[in-house]
Amino acid sequence: MPAFSSHHYITSASPLCRSKTATVASLIIPRTLAFATNTRVPTRSPSERRRMNDGSKKSRRRRSSSLLYQEPQESMEQLNDQAAIPNLNANWVNAKGAWAIHIVLIIALKILFSIIPGIERDTSWTLTNLTYMFGSYLMFHWVRGIPFEFNAGAFDNLNMWEQMDNGDQFTPTKKFLLTVPICLFLASTHYTRYDLTYFTINTLALLGVIVPKLPVSHRLRVSFLSGHPDDRYLDER
């Protein structure tokens, strides 16, 4: 039997072993990619990232830059919070004596302006009309939300007029609040002897409180006065 030296066995078997070892190594060891030393990964500086964010924010603002917009409807959770507890901020207008407060305020304002020296009758009626109209607009249409914290902010996006009677239109209370400024305007126009200047001032004041009370103005907002919802969301971020 021929004898093989250990050197011959190893020499003859070494190519096969090396090929199998290379195959197993290629399967197990992951290959790595080598980059040239002069290759640079593109990165953006903080100023460039800031400009891109500002540009996207401005473009989103441009998309929502309409002058008028409709206040979005509340979510189901907010509707449940609104119905959970009676809204004390708006329900008092239906109480007894609430209607008489407006008449008393108008009479008190007229007496106040009439007793001030140097104010004539025309001016006193116009000041009474303007004061009542301004207070009515501020109370029913400008201020949003409620001063109480028992409903998790469910009425934060609604003014008092929109909260009254669950948003229903032409209820008895809302009809009364529409009638009072019209009657005051007619009285002011009559006692100012239909002067053009006073008539113009009183008409503008009347429109300022009548138009927001109409159904077409329900949940309608002026963007530069209250801010668009998209802009408010961006500002919060």
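1. A pocket here is an open set of grid points with protein on both sides within 12 Å along at least five of seven lines, and its lining residues have an atom within 4 Å of a point. Please keep in mind throughout that the model is predicted.

2. Which residues lie nearest the centre of the second largest pocket? They are Gln82, Phe155, Gln163, Asn166 and Gly167, out of 18 residues that line the second largest pocket. Two elements give two or more residues to this lining, helix H3 (76-84) and helix H7 (160-163). H3 gives the most, with 3 residues.

3. The volume of the second largest pocket is about 300 Å³. By class, its lining comprises 8 polar, 6 nonpolar and 4 charged residues.

4. Rolling a probe the size of a water molecule over the atoms shows where empty space is left. A search of the whole structure gives 1 cavity of 30 Å³ or more, and the volume of the largest cavity is about 30 Å³.

5. What lines the largest cavity? The residues are Trp92, Val93, Ala98, Trp99, His102, Phe140, Thr173 and Leu177. Of these lining residues, 6 are nonpolar and 2 polar, with no charged residue. At least two residues come from each of H5 and H8, and H5 gives the most, with 3 residues.

6. Now the helix pairs. Two packed helices are described by the angle between their axes and the distance between the axes. Helix H5 (residues 98-115) packs on helix H8 (residues 172-191) at an angle of about 15°, and their axes are 10 Å apart. Angles under 35 degrees count as roughly parallel, so H5 is roughly parallel to H8. Their crossing is right-handed.

7. In the contact between H5 and H8, the H5 side consists of Trp99, His102 and Ile106, and these meet Pro172, Thr173, Phe176, Leu177, Val180 and Leu184 in H8. This contact has 7 nonpolar and 2 polar residues, and no charged ones.

8. The crossing of H5 with H6 is right-handed.

9. Which residues make the contact of H5 with H6? From H5 come His102, Ile106, Leu109, Lys110, Phe113 and Ser114. They meet Ser124, Trp125, Leu127, Thr128, Thr131, Tyr132 and Phe140 in H6. The classes here are 7 nonpolar, 5 polar and 1 charged.

10. On the H6 side of the contact with H9 are Asp122, Thr123, Thr126, Asn129, Leu130, Met133, Ser136, Tyr137 and His141. The H9 side consists of Tyr198, Ile201, Asn202, Ala205, Leu206, Gly208 and Val209. Sorted by class, the contact of H6 with H9 has 8 nonpolar, 7 polar and 1 charged residues.

Notes. Residues numbered from 1 in each chain as written. Predicted model: local features only at pLDDT ≥ 70, side-chain atom pairs only at ≥ 80, totals over all residues. Heavy atoms only, no water. 1 Å grid on protein atoms, 1.4 Å probe; cavity = no way out; pocket = protein on both sides within 12 Å on 5 of 7 lines; lining within 4 Å. Points joined across faces, edges and corners; volume = space filled by probe spheres on them. Helix = DSSP H or I, 4+ residues; strand = E, 2+ residues; numbered from the N terminus. Nonpolar A, V, L, I, M, F, W, Y, C, P; charged D, E, K, R; others polar. Axes fitted to C-alpha atoms, helices over the stretch in contact; angles between N-to-C directions. Parallel < 35°, antiparallel > 145°, perpendicular 65-115°, else oblique. Left-handed = near helix turned anticlockwise from the far one by under 90°. Contact = heavy atoms within 4.5 Å.
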